[in-house]
Amino acid sequence: MSVSTTVTEPDKTTTDSAAPATAPQPRRSRARWRPRLHHFVQLCVIVVLLASWELSAGRLIDDLLTSRPSEVFPTFWSWVVSGELLYHASSTFKDAFLGLLAGGGLGLVVGCVLGQSQWLARVCEPFITAFYTMPKHALIPLFIMWVGIGSELRVLTAAAIVFFLVFYNTFFGIRDVSKNLVDSVRVMGGTAFDVLFRVMLPSALIWVFAALKLAVPQAIVGVVVAEMLAGDRGLGFLVAMHAGTFNSDGTFAAIFALLIVGFLVDRLMNLVTRRALLWKNNDTTA
Amino acid sequence: MTISTKETATSPQATEPRRVVFETRGMAVGFGDRPDVLADVDLKVHAGEFVALLGPSGCGKSTILNLAAGLLRPRRGEVLFDGRPITGVNTSVGYMTQDDTLLPWRTVAANVALPLRMRKVPKQRIQQEVSRYLAFLDLQHAAGLYPAQLSGGMRRRALLARSMIYAPELLLMDEPFAALDAQMRQQLHADLRRAVHSTQQTVLFVTHDLTEAAVLADRVLVIGGGPPGGVVAEFTIPFGAERDPATLPYEDGFARIQQELQEALTRARVPKQKEEE
């Protein structure tokens, strides 16, 4: 199953790789950032790419189609200054966030319920697989019919995508919980409530975070696609509108904005995941 | 340092009638539609006693522990705890297996505190108990560490602390030290004997290692002769409660006990022919 490939197996973390610690190790403090060789190479790559783009535009290729960095960045900057970028980006973010909340929350609950019951899981499995493999973006026209082209459409699209990712991983996360772990907690006097909240959910959390790492960018993709197909705001709308009027500066500036958004969101997710799974990370101090 | 949660008796007398904590009567057990693994098993564990179940791998020793924990039901016969049949999961026992069942997202202290937290013990009591047990098992310095940061021996001691902290009436141990190296195992044998002695903990201990059984237990039941298997021999180990597992193998008479256990274990490997009681 494609979702589970991103997940490292939870048990493997407890193998005895850690040195017998004799004193509480200090929390891995964030090492001060220092420029390294690979940072320099990365910078070079960017410079070379931009320079060859700038130099070839208008000479080797038609700059009506590709624009050029010296025009894209001023356009981008003018959006920053005018607040246009903030307006569209915040719309995209808000819808993606709401979609993430709704789809993720529902996915978590349904995943927990089905993960607990063998029988229900067996009944639902083929349906879920069918829906999981179906491209959710194909539902956008249907969603337009249902809820129109407003914010609801974008939230619904993001939610539909996120739901399946989170549900799938929660489901398998819950199923994966070691029976020994559950039994040991029950013998210690744990109730069904204890088992769910002290064993099942924390175990499934590794899987859920792996899902979120996919789901958060996918939520943004869902919103952007919905914005491109219908609507009057958002970064996807910016791209579609400028491309529709053959304004390549604006199109590239909007794509650049998406690039930055995606990058920042991914970094943020890494940070959150690392905090939440602290217990898992500090055996393999990278 | 000692832990005394129960009345400290001076020396448990074998002749004195003691309360039976765990008992099976004519018990038979099996899995699925396959034949019985164990049949006609009658055994008793008295309060304060350390009983070892010794037998070859796969003879059904662990099954007896699962019955006592209420995770499994017998096919026939009775399984009694404190004189009453076990109906659900038995929360009056502590259960320590070969598996690492520490919750990896909880620190050592939080893991050891878990049974008390689930039993709604007041916070302050929990703190006292946790630090007492951590100190007793030499884990104070590891309180804030996660299981992944511990060595195998420390994890075992943390599990032992967690299984004993709520003073269960019976501590079930299923080859708890099998994965450790010999030296570490010896250390843990000493720790276990010390903890068991100072709390008067009743223990039912499963092992396939006859030296481990002889070093730790007051009484050894040899299981085997199957299928279906049963109790093929019973030995009382005479060395008393304050023994030191490290030096016990050099005591007079230990070699003879070892040899007798070895013979019983060999007999336990062949199918039961009702050759002796």
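Visitor: Which residues go with domain 1 and domain 2?
Guide: Domain 1 of chain A is 26-56 and domain 2 is 69-285, with bounds that come from an automatic or database domain assignment.

Visitor: Ground rules before we go on?
Guide: Residues are numbered from 1 along each chain as its sequence is written, with chains lettered from A and ligands numbered from 1 in the order in which they are written. Local features of this predicted model need pLDDT of at least 70, side-chain atom pairs count only at pLDDT 80 or more, totals for chains, interfaces and linings use all residues, and side-chain values use heavy atoms, leaving out hydrogens and water.

Visitor: What is the mean pLDDT of chain A, and of chain B?
Guide: For chain A it's 84, and 87% of its residues reach 70 or more. Chain B has a mean of 87, with 91% of its residues at 70 or more. pLDDT is the predictor's confidence in each residue, from 0 to 100. The model scores ipTM 0.83 and pTM 0.75.

Visitor: Where does pLDDT stay under 50?
Guide: Over residues 1-26 of chain A, for which the model has 43 contacts beyond four places in sequence; a contact means heavy atoms within 4.5 Å. In chain B, residues 4-14 stay under 50 too, with 18 such contacts.

Visitor: OK, cavities. How many of 30 Å³ or more?
Guide: The count comes to 2. On a 1 Å grid over the protein atoms alone, a cavity is a set of points where a 1.4 Å probe fits but cannot get out, and lining residues have an atom within 4 Å of a point. Grid points are joined across faces, edges and corners, and a volume is the space filled by probe spheres set on the points.

Visitor: What's the volume of the largest cavity, and which residues line it?
Guide: About 70 Å³. The lining includes A:Ser184, A:Val187 and A:Met188 from chain A, plus chain B residues, among them B:Tyr95, B:Arg162 and B:Tyr166. α8 (179-187) of chain A and β6 (93-96) and α4 (152-164) of chain B each supply at least two lining residues. Helices (H or I, at least four residues) and strands (E, at least two) are DSSP runs, numbered from the N terminus.

Visitor: And the second largest cavity: what lines that?
Guide: A:Glu125, A:Ile128, A:Thr129, A:Phe167, A:Tyr168, A:Phe171 and A:Phe172. α5 (118-133) and α7 (151-176) of chain A give two or more residues each, and α7(A) gives the most, with 4. The volume of this second cavity is about 30 Å³.

Visitor: Switching topic: what does UniProt list for residues 89-273 of chain A?
Guide: The unreviewed entry has "domain: ABC transmembrane type-1" there; UniProt positions are given in the numbering used here, feature names are shortened, and annotations may be inferred rather than shown by experiment. In the model, that stretch of chain A is 87% helix and 0% strand, with end C-alpha atoms 24 Å apart.

Conventions
1 Å grid on protein atoms, 1.4 Å probe; cavity = no way out; pocket = protein on both sides within 12 Å on 5 of 7 lines; lining within 4 Å.
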